[in-house]
Amino acid sequence: MRILKYIFLLILLALVGITVYVATQKGDFEVTRSNIINTPRSTVFDYVNDYKNWETFGSWMQKDSDIKFNYDAKTIGAGAKCAFENGSNEGNIRTVFVKENDSLSQKANFNGTTATISWTFKDTVGGTKVIIHSKGKMGIMTKITSFFKGGITSILGDVYEKSLRNLDKTLNYEMKTYSIKVNGIVQRPSGYCLKQTVSCRIKSVGKNTKILMARMVHFFKKNKIPMAGKPFVNYDKYDVANDFATISICIPVRQQISITYGSDVSFGEIIAFTCLKTTLTGDYSHSKEAWIKAKKHIADNGLKENFAGSYTEVYVKTIDDIKQPSKWITEIYIPVFPKAISLPEPVVESPDISSPSSETP
């Protein structure tokens, strides 16, 4: 029994010694990993630039289903934030610098371990070369736990390698799997909504839609306003010749709501219109093709667009509902004039020449 006590004491002293040794070592680290993503650079950049997409490819996020994510009102671009927690573990990350389609710089903190993370996107044969580089300083607990798991360089290197493979897989399948269906003529009902309007260049419409949509959803949650339907965007003006668009990001409400003077959010009415409905199932990047198919249907079937109506996209299922882009649903409504119904020509009866009144004696 005394021998067992000595052995136990020796083991305990060894653990304490190792812990003290590890805790007093330098906590600086630097890790770099890269991979070729078989997708155009702008698509890869846009996907990584939105924290809401990270759950689809971040290996540490996919590995632990108990992680809870808290997204800020802004999840895209400089100033975007994301926080996560799992029991006593917690962390956060924010974007501090963005160079469009080229690079990102972020600051991260996980249980006291801080790091600067840089992403670089370069065109290359086969798609886009993505490079992740992180440099930081470990907290005491990270020093100890990482020591027994092979070291922080090995741990982060494995995380980055798996995440880049997941990113390639996600963009290859999820972003490219989609379908478009022209549903036919429908009536868009009237109602009320809260909206935020912005004017921009046409190439910035998609980015501004994502940013303002997140702000609108955050506004509803913050003010505890119930949604009366799915968010949608109205294309108030779309001038291709002058590269100019005005869009309104809207969320339906059940009744009129008074908004504080000076707010970016305003109250609006939804006007009823006869529309051609088209459904895109898949990532929003295929919306241009869906619009082209819808307009071709209008031309092929002798319909006429009603330019006084509201050109609308309704986001039935988005990343907030389901993480896989291949299952997102966007409904497109193009206002058209009701097609005239052709009535048959009236039948005019000719006089009966054999009638008694026409007979000769």
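The pLDDT is the predictor's confidence in each residue, on a scale from 0 to 100. In this predicted model, the protein has a mean pLDDT of 84, with 81% of its residues at 70 or more. Over residues 6-25 the pLDDT is below 50, and this stretch makes 9 contacts (heavy atoms within 4.5 Å) beyond near neighbours in sequence. Residues 350-361 likewise have a pLDDT below 50, with 3 such contacts. Where pLDDT is low, predicted coordinates should not be read in detail. Local features require pLDDT of at least 70 and side-chain atom pairs 80 or more, whereas totals for chains, interfaces and linings use all residues. Residues are numbered from 1 along each chain as its sequence is written, and side-chain values use heavy atoms, without hydrogens and water.

An open antiparallel sheet is formed by 8 strands in the order β8-β13-β15-β14-β10-β11-β9-β12; strands are DSSP runs of E of at least two residues, helices runs of H or I of at least four, numbered from the N terminus, and pairing requires at least two DSSP bridges. The edge strands, β8 (179-188) and β12 (266-270), each pair on one side only. Strand β8 pairs with β13 (residues 273-281) over 9 bridges, and Arg-188 stands opposite Phe-273 in β13.

With a disulfide defined as a pair of cysteine sulfur atoms within 2.5 Å, the count is 0. Cys-193 is in no disulfide, the nearest cysteine sulfur being that of Cys-250, 4.3 Å away.
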